Amino acid sequence: MINLKGIKKIYANGDIKVAALGGVDLHVGEGEFVAIMGPSGSGKSTMMNILGCLDTPTEGEYFLDGTDVAKATGDDLSVIRNRKIGFIFQGFNLLPRTMAVENVELPMLYAGTGGKERRTRAIAALESVGLGERIHHRPKELSGGQQQRVAIARALVTNPSIILADEPTGNLDSRSSEEVMAIFQRLHAQGNTIIIVTHEPDIAEFTERIVRFRDGHIEGDEIVKNPRKAQAQVIGEEGGPE
Amino acid sequence: MNFLESIRVSLRALRANKLRSSLTMLGIIIGVAAVIAMVGIGNGATASITSQIQGMGSNLLTISSAQAFSGGVSGGAGSSASLSMTDVSKIEVGTAIKAVAPVANTSAQVVLASGNTSTSITGTTEDYAIIKNVTIARGRNITEQDVNSSARVAVLGPTVVENLMGDVNADIIGKNIKINNVPFQVIGVTTATGSTGMSSSDDMITAPITTIQARLIGKKTVRNILVSATSEDLMQIAQDSITATLRKAHKIQEGKDDDFRVQNQADMLEAMQSVTQTLTMLLGGIAGISLLVGGIGIMNIMLVSVTERTREIGIRKAIGAKGMDILLQFLIEAVVLSILGGGIGIALGYGGSTLAGKALSMDTSISLTSVAMAFGFSAAIGIIFGVFPARKAAAMDPIDALRFE
Ligand SMILES: Nc1ncnc2c1ncn2[C@@H]1O[C@H](COP(=O)(O)OP(=O)(O)OP(=O)(O)O)[C@@H](O)[C@H]1O
Ligand SMILES: [Mg+2]
């Protein structure tokens, strides 16, 4: 599924070179649920951006579903992001002044899916994250937790190979965080591959594997013995708490 | 993403920011409206001057006293008038010359029991109708005898009849009208020619020149002598023979300048047209510059818009938009703004020039080519000035765009 070999990312600011990633090897198999942890500045976001094909490594090989994407550029990366990757951002990154359902339709728009099918699938995705009654709301009419669930719906609507989330609960209170984790656990149970970045150990406990970063290197890689089960109050309780 | 979807996305973005979209369009609207109106008015002026000059008669030569021109006041011929009825009789009808008619004109108040009007009065002779291509609809034309006897008779244009009696076809033959309090008997009515403007034969009274000189002007002045050449080819010969005749009649010595001027209708037409065409081009050029400024306005706003929507661009790219999708979105926005602005501008320009035409009482002509050109031009402006901002947007790196605050 995901295979990284000697991934380096070096930022050059004038004469000063910062190695955000100093040679990372990582393998993530299909259906895994991984948490990436580590102190601030250890290269987690850099890693996620490379995994999500938003950024390219300075050096190294990145095989996604067997194809090397490390050397891909521009429009090729756009296509890979569109087809294979569902990315969830800490800051939600929804289009403002645009209805939830239209936000969720967006990746299908660029995939060339027809208008009717787009709408049906977007509504289904929003229903699956418990927002079936909020499809015509605009981002600023939704709570943080609801916005993040719209973002999740947008990430999974295209059935991507992997779902990536950089601090998906970073802006949420503990209750909304747990709701979001419950959705991830359910997607994982359905066989999706999920990688999240988090600072919070109790969020990482919802996953099945924890990869620890320090100074651009992998410091530890362990299996979570007994993953906690997230309480999914929200599912079935349409709309969720305000 | 297909083209239709791109258009929909662009239209939504424009609608989301209505005020800014309309203000951006304003530059193009004003530019296009100005081009259309200016060219329309210019063309109208050219056409109306052309028809006025052509309406003066066919193969026309106009003889006037040179002083009338050098003095700058064409009416002040008075004491220095160099044309007389003697000159008229010297110019003989022949192979090159079809008809000769003197003109002494004034404008006057015309009164009949049923109404009054003010119109221009032309004192002339029988041949005037031939030169002007005017036919008599009812009654008769003035005759040589009328001229010799200074008869107080008048031939009316149809507009004059309508103004006096309220009906073009009213029976006015034989009635007595008062022109500046001098009684005249109506002997004929001319056929409508449809010509407008100052030399319209529809809104005019013709009478024997001798009567007009004696009763209305009080001087034996001949303002112009109109000569109709038998054909266009013979105009030069006619002109030369008139010049020779008049130089001899006025006893002008060899080497001295003429004290009269013979003007050729074609020359007048050419001179006037070149003036109005230059004017049209000048006005159109100035309006074109404002169109250019409008285009730069579009580029300016689009650049601001691209910067402002950097995050949006980042989001779109992050979830799979290609460079071309983003490029098209912004390019279409620019083109829609300019085309919409162009359309509104054409409508406004058309309205404006029609109004101006009404005010100046001339037919403004908006040609299809000028509409097509303005439309094409505004679309081109949208593309030219939209490409730069759109390319800037398309070239953005998703990671940098998402980090943009
Ligand atoms: N665009 C950039 N230019 C220069 N240096 C950068 C850039 N982006 C990241 N870095 C550097 O790379 C290193 C890793 O950054 P990264 O954002 O991956 O950290 P992180 O683990 O996500 O931290 P946090 O937990 O605070 O989000 C940092 O030292 C950072 O300063
Ligand atoms: Mg980070």
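This is a predicted model: local features need pLDDT of at least 70, side-chain atom pairs count only at pLDDT 80 or more; totals for chains, interfaces and linings use all residues.

Biologist: What makes the phi of Cys53(A) worth a remark?

Modeller: Most residues other than glycine have a negative phi. Cys53(A) is not a glycine, and yet its phi is positive, at about 60°.

Biologist: Is Cys53(A) buried or exposed, and how do you know?

Modeller: A residue counts as buried under 20% relative accessible area, and Cys53(A), with a value of 1%, is therefore called buried.

Biologist: Which residue of chain B, other than glycine, has a positive phi, and why is it called buried or exposed?

Modeller: Asn181(B) has a positive phi, near 75°, and its place is in the loop between β6 (176-179) and β7 (182-190) of chain B. Exposed means over 50% relative accessible area, and because Asn181(B) reaches 66%, it is called exposed.

Biologist: What makes chain B more spread out than a compact globule?

Modeller: Chain B has 14 helices and 10 strands. Its radius of gyration is 32 Å, whereas the globule rule gives 22 Å for 405 residues, and because the value is well over that figure, chain B is described as more spread out than a compact globule. The C-alpha trace of chain B spans about 100 × 60 × 35 Å along its principal axes, and 47% of its residues count as buried. Chain B exposes about 19,500 Å², of which carbon and sulfur atoms supply 59%.

Biologist: Where does the record place the transmembrane regions, and what is the secondary structure of residues 281-306 and 326-348 of chain B?

Modeller: An unreviewed UniProt entry places the feature "transmembrane region" at residues 21-42, 281-306, 326-348 and 368-388 of chain B. In the model, residues 281-306 of chain B are 100% helix, with end C-alpha atoms 37 Å apart, and residues 326-348 of chain B are also 100% helix, with end C-alpha atoms 33 Å apart. The unreviewed UniProt entry also gives the annotation "domain: ABC3 transporter permease C-terminal" for residues 286-398 of chain B, a span that is 86% helix and 0% strand in the model.

Biologist: Why is helix α11 of chain B called mostly covered?

Modeller: Eight of the nine residues of α11 (residues 310-318) of chain B are buried, among them Glu312(B), Arg316(B) and Lys317(B). In the loop between α10 (265-308) and α11 of chain B lies Arg309(B), which at 12% relative accessible area is under the 20% cut-off and so is buried as well. Leaving aside residues up to four places away in sequence, Arg309(B) touches Ala13(B), Gln329(B), Phe330(B) and Glu333(B). Just after α11(B), Gly320(B) takes a positive phi of about 120°.

Biologist: How do you know whether Ile63(B) is buried, and which residues does it touch?

Modeller: Ile63(B) is found in strand β1 (residues 60-65) of chain B, and because its relative accessibility is 0%, it counts as buried. Beyond residues up to four places away in sequence, the residues that Ile63(B) touches include Leu83(B), Ile91(B), Ile225(B), Leu246(B) and Phe260(B). The C-alpha atoms of Ile63(B) and Gln239(B) are separated by 9.5 Å, although the two are 176 residues apart along the chain.

Definitions and conventions
Residues are numbered from 1 along each chain as its sequence is written. Chains are lettered from A and ligands numbered from 1 in the order in which they are written. Side-chain values use heavy atoms; hydrogens and water are left out. UniProt positions are given in the numbering used here, feature names are shortened, and annotations may be inferred rather than shown by experiment. Helices (H or I, at least four residues) and strands (E, at least two) are DSSP runs, numbered from the N terminus. The radius of gyration is taken over C-alpha atoms; the globule rule is 2.2 Å times the number of residues to the power 0.38. Buried means under 20% relative accessible area, exposed over 50%, partly exposed in between (1.4 Å probe, protein chains only). Accessible areas come from the Shrake-Rupley method with a 1.4 Å probe; for residues, only the protein chains shown count as cover. Contact means heavy atoms within 4.5 Å.
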